[in-house]
Every structure is written in C-alpha cells, then in structure tokens.
Amino acid sequence: MSVYVLTVLIGVVAGLRTFTAPAAVSWAASLGWLPLQDTPLAFLGLTITPYVITLLALGELVADKLPQTPSRKRPPGFIARLISGGVCGAAIGAASGAPLAGLLAGVIGAVIGTFGGYEARVALAKAFGRDLPAALLEDVVAVGGAALIVVALA
C-alpha cells in the first residue's frame, strides 16, 4: 500500500482518537516495523514510549465517554489531533524518505478524521438513540484501523 495512503489513514485515526495513532506508530517503531533510528522521531521507538502513549490512549478512550469532555472540534482538541496526525504521518513518511510529505498527509487525514468522525458519530448516536454505542463503534474503528495500518508497515 502507498506510503501516502497510510499517512492519510493514520491521520484519520488521529482525528478520531488523538493518542491511538501515536500509540500504534510507537509500537510499530519499537517492534522494528517502522525504522525511525537517526531521525528526529526516533523517540517513538524507545522502549518506554509505546507503554506511556498506550496509557494515554486508554485514558482517552475512557475520557471520551464522559459528558464534560469538550468537542473535538474546539481549538485545544482539534490542534492536538492535527499535531498527532502530523507527527504520525511524518514518522511513516520518514521511513520512506518523505517526512514532510508524510506530515502534510497526516494533517490532512486528521482534519478528515476529526470532522468526518464527528459527523458519523452524531448520525450514529441519533440512529442508536444515545451516544455510547456510537462512541464505542468509533473506538473500534480507530483502534482497528490503527492496528491494520501498522501491520501494513511490517
């Protein structure tokens, strides 16, 4: 699969769940599936990094269901998703010698994931009559998608 398709897709995952994409990319780097040595993103492959980011991702999965959690479209959440998508896209791009193109593709994917994910969740919540099933389905798409993307890197 094209590196650019993968960078956009990891950005979409970041748009759905901010920390799921970097957790997956960090695991890929740590397992040697994504060679980031000698790049500014080598920290993603350090032994401790995937564990720390995975804990953040798990916390986000819980926090996302809380009623006081702000909208992903508000500046802090939206900016975090753009950064996450950009870093993850740059990491995948760096492995192919195109970190800047990967960064841009990851940011574009994050915009798609943020707004498309929001609209899909609203529609699903309306169809289900409540938000929780829609949120859980979104979790499955984000985690499953991230897993498929990193397996494609192996």
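Helix α1 of this predicted model buries Val3, Leu6, Thr7, Ile10, Gly11, Val13, Ala14, Gly15 and Leu16 (buried: under 20% relative accessible area, 1.4 Å probe, protein chains only). Helices are DSSP runs of H or I with at least four residues, numbered from the N terminus. Local features need pLDDT of at least 70, side-chain atom pairs count only at pLDDT 80 or more, and totals for chains, interfaces and linings use all residues. Residues are numbered from 1 along each chain as its sequence is written, and side-chain values use heavy atoms, with hydrogens and water left out.

The buried residues of α1 pack against α2 (20-30), α4 (75-94), α5 (99-128) and α6 (131-153). Contact means heavy atoms within 4.5 Å. At the start of α1, the backbone nitrogen of Tyr4 lies within 3.1 Å of a side-chain oxygen of Ser2.

The largest nonpolar core holds 28 residues. Such a core is a set of buried Ala, Val, Leu, Ile, Met, Phe, Trp, Tyr and Cys residues joined through side-chain atoms within 4.5 Å. Val25, Leu34, Leu36, Leu44 and Ile92 touch the most other members. Two or more residues each come from α1, α2, α3 (49-63), α4 and α6. Leaving aside residues up to four places away in sequence, Val25 touches Ile10, Leu34, Leu44, Cys88, Ala91, Ile92 and Val150.

Methods: Buried means under 20% relative accessible area, exposed over 50%, partly exposed in between (1.4 Å probe, protein chains only). A polar contact is a pair of N or O atoms within 3.5 Å; within protein, one must be able to donate a hydrogen and the other to accept it, and residues adjacent in sequence count only if both atoms are side-chain atoms.
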